[in-house]
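The sequence and structure are shown first.

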Amino acid sequence: MTLLVPNNGEGDFLAYALNKSAPENVVLRLCQNNITPSETDVAATYTEATWTGYAALTLTGASWTIVEGAPTEASYAQQIFTSTAGAQSQNNYGYYLTRATSGRIAWAERFSDGPYQIVNNGDQIKVTPKITLD
Amino acid sequence: MTGIRKGMWVKYKGKLGIANSIDGDTAEVHLVDERGLTTLVIPAAAVASLTQAAFADIPKPRRPDAGLARKLGYEVI
């Protein structure tokens, strides 16, 4: 799978790298609409999951691991979304990250083998955030 | 050089889609419906067969403002 950084996300990446704007944590979210990310997307393009037990997860800056190399990689510990009720039926087509304060989209990725359907109590979706630059 | 890039709204055989990934001369194109939702995955479309969509082709729920569209090369009439 490969992620996509929409135009908003590109602008923020540059603004943070060049100290034009103060960086923000990102918030990991699942989307329930059947979206393929595009360069023109904004956060509102994505319909966030609403199944019981779902909650967006804030990824704090200090917890990222960055390893310089070819490519240089930033990775984060696996994040787990867990259903807390049965008799649900909601498809999850991918994930997206938004900025914690501005709410602007950072990047998004469609699950290549999705959608993952949440049905039962205890069903889980696991995402290991990773982004590379070369 | 066609200028097709990942995430671009494209036309493929007259249908609207998004270039989800590009690998050399081929691209995985995700066709979309009038709401911008994915309907069909074309796993290996020839990049040469793709053209950038026009602003008006982009489904309304996912259409950016005209100024941004122009900056990204979409024809705005």
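## Aromatic pairs in chain A

The model discussed here is predicted. Over all chains, it holds 8 aromatic pairs. One of them joins A:Y54 and A:F81: the ring centres lie 5.5 Å apart and the planes meet at 15°, so the pair is stacked. The cut-off that matters for this assignment is an angle of under 30 degrees between the planes. The two residues come from distant parts of the chain, 27 residues apart: A:Y54 belongs to the loop between β1 (26–31) and β2 (57–59) of chain A, whereas A:F81 belongs to strand β5 (residues 79–82) of chain A.

Both partners fall under the 20% limit for burial. A:F81 is buried, at 2% relative accessibility, and A:Y54 is buried with a relative accessible area of 13%.

## An aromatic cluster and charges over rings

One aromatic cluster in chain A is formed by A:F13, A:W64, A:Y76 and A:W107. A:F13 also has a charged neighbour, as the charged end of A:R99 sits over its ring, 5.7 Å from the ring centre.

## The hairpin of β7 and β8 in chain A

Strand β7 (residues 94–99) of chain A runs antiparallel to β8(A), and 5 bridges join the two. Within this pairing, A:A108 in β8(A) stands opposite A:Y96. The hairpin has 5 residues between its strands, and A:G103 in this hairpin takes a positive phi near 80°.

How many residues of strand β8 (residues 105–110) of chain A are buried? The count is 6 of 6, and the strand is described as mostly covered.

## Salt bridges within the chains

The count of salt bridges over all chains comes to 6. In one of them, the side chains of A:R104 and A:D12 meet at 3.0 Å, N to O. This pair links distant parts of chain A, 92 residues apart: A:R104 is in the loop between β7 and β8, and A:D12 is in helix α1 (residues 7–17).

In chain B, a salt bridge is formed by B:D33 and B:R35, whose closest N and O atoms are 3.1 Å apart. B:D33 is buried, with a relative accessible area of 15%; B:R35 is partly exposed, at 49% relative accessibility.

## The interface between chains A and B

The size of an interface is often given as the accessible area lost when the parts come together. Here, chain B and chain A bury about 1,300 Å² between them, with 50% of this area on carbon and sulfur atoms. On the side of chain B, the residues that lose the most area to chain A are B:K6, B:T38 and B:R62, which together account for 41% of what that side buries. In terms of contacts, 17 residues of chain B meet 15 residues of chain A.

Between chain B and chain A there are 2 salt bridges. One of these is formed by B:R5 and A:E39, with 2.6 Å between the closest N and O atoms. A:E39 is buried, its relative accessible area being 7%, whereas B:R5 is partly exposed, with a relative accessible area of 30%.

## Two partly exposed positions in chain A

A:G86 lies in the loop between β5 and β6 (90–92) of chain A and is partly exposed, with a relative accessible area of 38%. Neighbours within four places in sequence aside, A:G86 is in contact with A:V119, A:N120 and A:N121. The C-alpha atoms of A:G86 and A:N120 are 4.1 Å apart in space, although 34 residues separate the two in sequence.

A:Q117 is part of strand β9 (residues 116–118) of chain A and, at 42% relative accessibility, is partly exposed. Apart from neighbours within four places in sequence, A:Q117 is in contact with A:S89, A:Q90, A:N91 and A:D123. Its C-alpha atom is separated by 6.0 Å from that of A:N92, which is 25 residues away along the chain.

Key:
Residues are numbered from 1 along each chain as its sequence is written. Chains are lettered from A and ligands numbered from 1 in the order in which they are written. This is a predicted model: local features need pLDDT of at least 70, side-chain atom pairs count only at pLDDT 80 or more; totals for chains, interfaces and linings use all residues. Side-chain values use heavy atoms; hydrogens and water are left out. Rings of Phe, Tyr and Trp (its six-membered ring) pair if their centres lie within 6.5 Å; planes under 30 degrees apart count as stacked, over 60 as edge-to-face and the rest as tilted. Helices (H or I, at least four residues) and strands (E, at least two) are DSSP runs, numbered from the N terminus. Buried means under 20% relative accessible area, exposed over 50%, partly exposed in between (1.4 Å probe, protein chains only). A charge sits over a ring if NZ of Lys or CZ of Arg is within 6 Å of the ring centre and within 35 degrees of the ring normal. Two strands pair if DSSP finds at least two bridges between them. Contact means heavy atoms within 4.5 Å. Buried area is the accessible area (1.4 Å probe) that two parts lose on being put together, summed over both. A salt bridge is a side-chain nitrogen of Lys or Arg within 4 Å of a carboxyl oxygen of Asp or Glu.
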